[in-house]
Each structure stands twice: as C-alpha cells, then as structure tokens.
Amino acid sequence: MLDSIGVVTLSHGAGGRDMRRLLDTLILPTLSNGQHQSSDAASFDWQQVAGDQRLVFTSDSFTVSPRHFPGGDLGSLAVYGTVNDLATAGATPLYLSCSLIIEEGLPLEELQYLLTSMRRAADASDIAIVTGDTKVVPRGGVDGLFINTAGIGAAARELQLGKTPISEQDRIIVSGPMGDHGVAILCARGDLKLESSVESDCRPIHLYSRALLDACPETRVIRDATRGGVATVISEIVQGSGLGAWLDESSLPVRQGVRSACELLGFDPLWLANEGTFVAVVPERDCESALKALRAFPACKNACAIGGFSPHYPDNVALRTRFGGERSLDVPSGELLPRIC
C-alpha cells in the first residue's frame, strides 16, 4: 500500500519507521522474487557455476530523461543494461543488485511503476534481484531517481572474447537496426516537439549472444552499442590493432523513422545509442552461420554484415558510401544527447 503522503520524503531515507515502511510495503514486495535477502549482503551456494565456468561481474548506473519513453523506462533500462553487459562477455545472467538514489518529492506511484518494470525485466532476463540499498536525497540532489546495479553471471572458462586479435579475414556484424533508442529518447523529450513511431530497442540480448556463440565459437568480440552507438564501438575495437575498419553504407540497417529524424536534426544513426543491439566480430567463414542464428529471433531479423578490416587506415573507421567514395568517421566530442542511459 502506498503512503498517504503520495511522494518520497527525506524521512523515507532516514533509517526509521518511514524508511522501513517504504522498504516493506513497496520496494521489497515489488522487486523480490523470493531470492532477496534482508541482510546487508546476499550470500549463495555457487551450484550454478561448474568447474568449467568462471564468474563474470559488472556494475552500472542509470539515469535517463525522460524516465518513461516509447519502448521502455528507467526501470527496465537498468536491468537490461546490466544483463547486456554480462551477455557481451558470454555470460549467463544470475544475480543482480539494485541501489536506488531517490530525490525527495518523487511520486510513490511512479516509483512503484518503475520498480515493477524492473521486476518484469528481471523475470524476462531470468536474473534474480538479491540485494540492494535505498537512499533519499533533498530536492535537486538528483534528477528524480538514479539506479545503480551490479550483475553476476557465469561464462564458459574457455571462452576468450576480446582475447583473439582481429584480422583482415574477420567481418563486422550488427544484430539489428541502429539508433532506435537514441531517436526514441529524442522524440520523447517534449522541448523538441518531435513526433515519431520509433520505439527504443531496450531489451535483453543474452539469448541472442548465446545463439551467436553456439553458431560461431570463434567470435572475436561482442559489444553492446550503447552510448556513442555502433561507430564508437567499432572505433574502440580497432584501437591498437594495427588495422582500421571499413563500413559499407548500403548495408547499414536503419529504420525509416530513425533515418527521417536524423535527416531532420542533423544526426547520424551510426553515433546514436542502442539498448538492445550489439556489434560482433566473427571470422568471415562463419559469418553466414552467425547471421542465420541471429535471424532466428524476431528482434534480430535485420541482423547483417556491415563491414570488415583493412591495414590502410590503422586505428580509424572509414565509411564506403553508396556513391563509391570513402569518408573517415571521426569520434565526436561532447554529448550527442542528454541522459540516454
């Protein structure tokens, strides 16, 4: 039952009766799936991790403006973002922590909505929220709600993602369309007064990355293309490799709504954030098998190969245009969008 006051107050974070009521009547019942532990730290038997597996650990923090956007919200984003970081390491997600930093005055009804979204996202990702923390700060201390998470998963011990050098015989693939999340956030911000049917691709990718690894065990690297988008991820992959990357403009998967918004506002989908699309590097001989495995999922039906590597422009990324030319893709400085993840 929500507090009759209707909003979060400083007393909800003071450690007394109001805080206990907030935890016992809203936060814990909403997030828990029976595995949450009430002590300051969760403990478990690692029966899920066999001798041929290793632990994978990640941490992230989330804030987005607005907190609700087409295709998702801050709650689901916090879960999927952490699950996806585990997935790009080839890990099966197991456990999640959730720490909330809440601004005084946040409506309790909205808090419950976002926590319910977190719980649904955790259930959809088969990950258990097992521990956490709650703090309340004065008005102006944060933008409504910040969520910090940490995730633990298990990966095959022999998996060496990121350890095998890329080569000219490798190909770059993306699991789906680019820029959906960035454009969804842009259009949800009322000050821009944009209308669009584009929804965020906010979703877990662990099933897709697992299918890719099963089809192509020699996958070189998997990276989720969040802040900075696909181009930034590829730029980071080639740094220090002695190779550069080339991308085929005609192969880039971009929805028409995203393309139209970018043309109107002067953005490039290559640099816009995604929250359920990843970049992978695979041997050329396994490229078709990898794409076939991904396209078996409706969310990845547009997975495609978009480029490869060359020694001609080391540590840089070049775009081969539809007209037969080439142009360099220089990583932009500053923020493209406010609070996208």
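Modeller: We'll take the sheet, then a helix, then an arginine. The model is predicted, so to speak of local features we need pLDDT of at least 70, with side-chain atom pairs counted only at pLDDT 80 or more and totals for chains, interfaces and linings using all residues. Numbering starts from 1 along each chain as its sequence is written, and side-chain values use heavy atoms, without hydrogens and water.

Biologist: What order do the seven strands take in the open sheet?

Modeller: The order is β8-β10-β7-β11-β9-β12-β13, with mixed pairing. Strands are DSSP runs of E, at least two residues, numbered from the N terminus. Two strands pair if DSSP finds at least two bridges between them.

Biologist: Which strands stand at the edges?

Modeller: β8 (221-224) and β13 (326-328). Each has a single partner strand, so one side of each is left without a neighbour in the sheet.

Biologist: How many bridges join β9 to β12?

Modeller: Four, between residues 244-248 and 317-320, and the two strands run parallel. Trp246 has Ala318 in β12 as its bridge partner.

Biologist: Which strands does helix α8 touch?

Modeller: Helix α8 (residues 287-295) packs on the sheet and touches β7 (170-174), β10 (278-283) and β11 (304-310). Contact means heavy atoms within 4.5 Å. Helices are DSSP runs of H or I, at least four residues.

Biologist: New topic. Is Arg220 buried or exposed?

Modeller: Arg220 is buried, at 12% relative accessible area. Buried means under 20%, exposed over 50%, partly exposed in between (1.4 Å probe, protein chains only).

Biologist: Where is Arg220?

Modeller: Arg220 is in the loop between α5 (206-215) and β8. Beyond four places away in sequence, Arg220 touches residues including Gln160, Thr164 and Val281.

How values were computed:
Axes are lines fitted to C-alpha atoms, for helices over the stretch in contact, and angles run from 0 to 180 degrees between N-to-C directions.
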